[in-house]
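Dear colleague,

I am handing over the structure below, together with some notes on what turned up when it was examined. Please read the notes with the model open beside them.

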Amino acid sequence: MSNNTTEIATDAPLTSSNPLDAVPDEIPFDVPYGLPISLDQAQAVIHAAVAEAKKRDWKMNVAVADSGGHLVSFQRMDGAMLASIQIAEHKARAAAMFRRPTKVFEDGIQLMHLNYLLAFDGIIASRGGIPLIEQGKIIGAIGCSGGTDSQDEVVSKAGAAVIGQLATTNR
């Protein structure tokens, strides 16, 4: 009888095929919360978003939440889908509370199959929610709904761009 034994190399690094096992050096989306967005700022964001939607003849619901995820301002364009009212608010709230665009959740579920994300309260896996960042801090978020996810995102980006413009013109 032969004595065949197999040795296991213990000093070799373990490899994993699961990307979730990677340990980043920094926390992703670690943007600090700032003071809440003002009503004037929120209305300027909505005005820019609605202008973009009108330019493209899209009917949208646009919500702006403060840094705590609470609704500050909202506008429903004539003819915008009623069900999208809550969706726009949800996108704004999720973008503020989770400190990241809601597209990250959409990509996580649709592309990376991270279905556990659906178990988190407040998640919405649909693009169109974008944090509003002023001087490196989240002051709120915009959420748009009424079109396709990509249309919602275009309108949200137009609104979010105003915060950078306001920050430079108010100094």
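**Notes on the model**

V31 lies in the segment before α1, where helices (H or I, at least four residues) and strands (E, at least two) are DSSP runs numbered from the N terminus. This is a predicted model, in which local features need pLDDT of at least 70 and side-chain atom pairs count only at pLDDT 80 or more, while totals for chains, interfaces and linings use all residues. Residues are numbered from 1 along each chain as its sequence is written, and side-chain values use heavy atoms, with hydrogens and water left out.

To stay with V31, this residue and I133 are 102 residues apart in sequence, yet 8.6 Å apart in space, C-alpha to C-alpha. Once its neighbours within four places in sequence are set aside, V31 is in contact with R99, I133, G136, K137 and I138, contact being heavy atoms within 4.5 Å.

R99 counts as partly exposed because its relative accessibility is 21%; the classes are buried under 20% relative accessible area, exposed over 50%, and partly exposed in between, with a 1.4 Å probe and protein chains only. Q135, in the loop between β3 and β4, also has a positive phi in a residue other than glycine, near 50 degrees, and counts as exposed because its relative accessibility is 62%.

As for the chain overall, there are four helices and four strands, which follow the pattern α-β-β-α-α-β-β-α along the sequence. Of the 171 residues, 39% count as buried, and residues 24 or more positions apart account for 67% of the contacts with a separation of 6 or more.

The largest nonpolar core has 22 residues, and those with the most contacts inside it are V62, V64, L132 and I142; such a core is a set of buried Ala, Val, Leu, Ile, Met, Phe, Trp, Tyr and Cys residues joined through side-chain atoms within 4.5 Å. Two or more residues come from each of α1 (39-56), β1 (61-66), β3 (129-134), β4 (137-145) and α4 (149-169), with α1 giving the most, at seven residues. L132 touches, among others beyond four places away in sequence, I37, V45, V64, I142, A160 and I163. A second, separate core of five residues includes I109, L114, L117 and I123.

Helix α1 also holds Q41, which counts as buried because its relative accessibility is 14%. The side chain of Q41 makes a polar contact with the side chain of E134 at 3.1 Å, a polar contact being a pair of N or O atoms within 3.5 Å in which, within protein, one must be able to donate a hydrogen and the other to accept it, and residues adjacent in sequence count only if both atoms are side-chain atoms.

Finally, the largest pocket is lined by 13 residues, of which P28, R100, L114, Y116 and L117 lie nearest its centre. On a 1 Å grid over the protein atoms alone, a pocket is an open set of points where a 1.4 Å probe fits, with protein on both sides within 12 Å along at least five of seven lines, and lining residues have an atom within 4 Å of a point. The lining has 12 nonpolar, no polar and one charged residues, where Ala, Val, Leu, Ile, Met, Phe, Trp, Tyr, Cys and Pro count as nonpolar, Asp, Glu, Lys and Arg as charged, and the others, Gly among them, as polar.

With kind regards
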